[in-house]
Amino acid sequence: MCGIAGIFHLETPKPVDPARVERMCEALVHRGPDGSGVWAAPGVGLGHRRLSIIDLEGSPQPMHSADGRAVIVFNGEIYNFGELRRELAAMGAQFNTEGDTEVILAAWQKWGVKCLDRLHGMFTFALYDRETRELFLARDRLGVKPLFTARLSDGSIAFASELKGLLAHPLLRREADPLAVEDYLAWGYVPDHRSFLRGVEKLPAGHYRLLKHGAAPSGPVQWWDISFAERRKGTTADLSAELLHHMRAGVTSRMIADVPLGAFLSGGVDSSSVVALMAEASREPVRTCSIGFDVAALDETAHAQQVANLFGTDHRSRMVDPDDFGAIDRIAGIFDEPFADASALPTLRVCELARENVTVALSGDGADEAFAGYRRHIFHAREEQARAVLPAFLRGPVFGALGSAWPKADWAPRPLRAKSTLLSLAASGEEGYARSLSVVPPELRQTLFSDAFLKIRGEYRAEHPLIRLMRDAPARSGLDRAQYADLKFWLPGDILTKVDRTSMAVGLEVREPLLDHRLVEFAAQLPHRERIRAGQGKWLLKRTMERHLPREILYRQKQGFVTPLAQWLRGPLAESARAIGSGAALARTGWFDSKRISTLAEEHISGRSDHARLLWQLLMLDRTVENLGLSA
């Protein structure tokens, strides 16, 4: 696992200052503390920071192909590199190392851009072909690894694994994109179709770019997509056996490492399943770790210990202070862009704990998206049934009027939040699901922004790209479209961003075996009854793991990481909440109605209302504005 950065001149092959690329890489030293390297030629410079995982001494980067034609910097892991190496060697390829980086070079020379179809893993890389004078930028199928790019005023394109790598380039303008502010307020993160800074882009998951000297810059090209258009046939027993095969393959392929390896263990279905299959494949006790909270309702350590005892793992746990708000400024610095998923705090702590003993950790991320494990999937499936029965001309006016009049109750469980349900039913399935995903609904956003900002934002709404994505999805049902949106929008923008940044901040590589693309493709073809049944999401996954895990682990209520935001913002962070409306960096941008924000802060601090999630979002946005030195 590593960090990469570089510069490519499009129009003419101007010289690239290696020191400039080196400074970009220095900003990424946390991603690769074990080594660094820079290579430059007319019109191109490539830089690398290395976290050594495989072939610890023999695969320095930037790496040249055996014939010197191509040069690569690579972030990630190719899990099937051994098979590819043997295949390519049989066709005459020469190898000087034992790692996976050189395999990508040989695959490019044999298959060109089609080499991506052969790579199983998580990756971003930049490969320069000296013969064709092309730069090949590529990102893995599901977006586990990130890549930021920017077109600069000197005609070059710069790229880096994190925004902070681009920020080290003196020509990058630090000007916020107002549409990213709208996106962030809706979702709590800046999705992959946008960046917080104007002129910066993220290479989308499953896409590549091919850039050439003397040619206009080409846009991203999609090389992989997930399809829900087909249905797998077979009995539950047959599908369960196939699922277990894919899960085992995903786990065992990610256990290859030349450094200590372990796993996160929360005691939930997904992490417990990964640990169960690791224990099955390992001759040594699996190293596991978990964190807990000194609050019974938030603590899962007893469940994690139960699983650890069952499989005899070498288990470590640590209690986290519920008042762990001291890491807020560090979190803002880790993410560069505003990021309001409060579970980033405990995720950082479990990464820190894991890094004390291991360099690689397996996680259970991705199963909820692939197998319909979120409660919102169950609610959406039920709402889609209602939409199928009730015509739109009746749903719109009736449920819309009821929803508008119904009192707001965000504190209540989703089934009791009639306002949200009614407004969702009044809309199309895509619009309803976008509403269920949004943290701050459009009606509330409208009241928060200043008049000047509303003019700049115009007709754009954060929900529009998600709705289009769902409508154009290769899918057969509303549930399919919801899961497609989660895999393409929510997963790379929130979940994988959170895991990548927090793990890389401490030099830890995290691998997600339940996001093996073959497993995800299989899950997308499952019939509805194998995903959701009897009010249970991830039904086939749980059924399959009954032979490995106790029922109280498989069927207990989903918890997840939780932080006491409401208490923080009424206690130690109360003054910070007050400052958002006036005095803080955010107030000086002019984006928001300061009086409205101050009123919401006082309502929350006094206990009259709960605006914790909104205030937390604004607080993290304020920290980002301050860190980036933005005025507007």
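Buried means under 20% relative accessible area, exposed means over 50%, and partly exposed lies in between (1.4 Å probe, protein chains only). The structure is a predicted model, in which local features need pLDDT of at least 70 and side-chain atom pairs count only at pLDDT 80 or more, while totals for chains, interfaces and linings use all residues. Residues are numbered from 1 along each chain as its sequence is written, and side-chain values use heavy atoms, with hydrogens and water left out.

**View 1. Helix α10 covers residues 344-355.** Helices (H or I, at least four residues) and strands (E, at least two) are DSSP runs, numbered from the N terminus. Helix α10 has twelve residues and reaches 16 Å from its first C-alpha to its last, close to the 16 Å expected at 1.5 Å a residue. The expected span is 1.5 Å times one less than the number of residues in the helix. Because nine of the twelve residues of α10 are buried, the helix is largely enclosed by the rest of the structure. The buried residues are Ala344, Leu345, Pro346, Thr347, Leu348, Val350, Cys351, Leu353 and Ala354.

**View 2. Cys25 and Cys115 are both buried.** A disulfide is a pair of cysteine sulfur atoms within 2.5 Å, and a search of the whole structure finds zero of them. For Cys25, the closest cysteine sulfur is in Cys2, 11 Å away, which is too far for a bond. Cys115 is in no disulfide either, since the nearest cysteine sulfur, that of Cys2, is 18 Å away. The relative accessible area of Cys25 is 3%, and Cys115 has a relative accessibility of 0%.

**View 3. A cis peptide bond joins Gln61 and Pro62.** The omega angle of this bond is about 0 degrees. Pro62 lies in the loop between strands β3 (44-50) and β4 (63-64).

**View 4. Asp336 has a positive phi although it is not a glycine.** The phi angle of Asp336 is about 65 degrees. Asp336 sits in the loop between α9 (328-335) and α10. With a relative accessible area of 7%, Asp336 is buried.

**View 5. Lys538 also has a positive phi without being a glycine.** Here phi is about 55 degrees. The loop that holds Lys538 runs between α21 (528-531) and α22 (539-544). Lys538 counts as buried because its relative accessible area is 6%.
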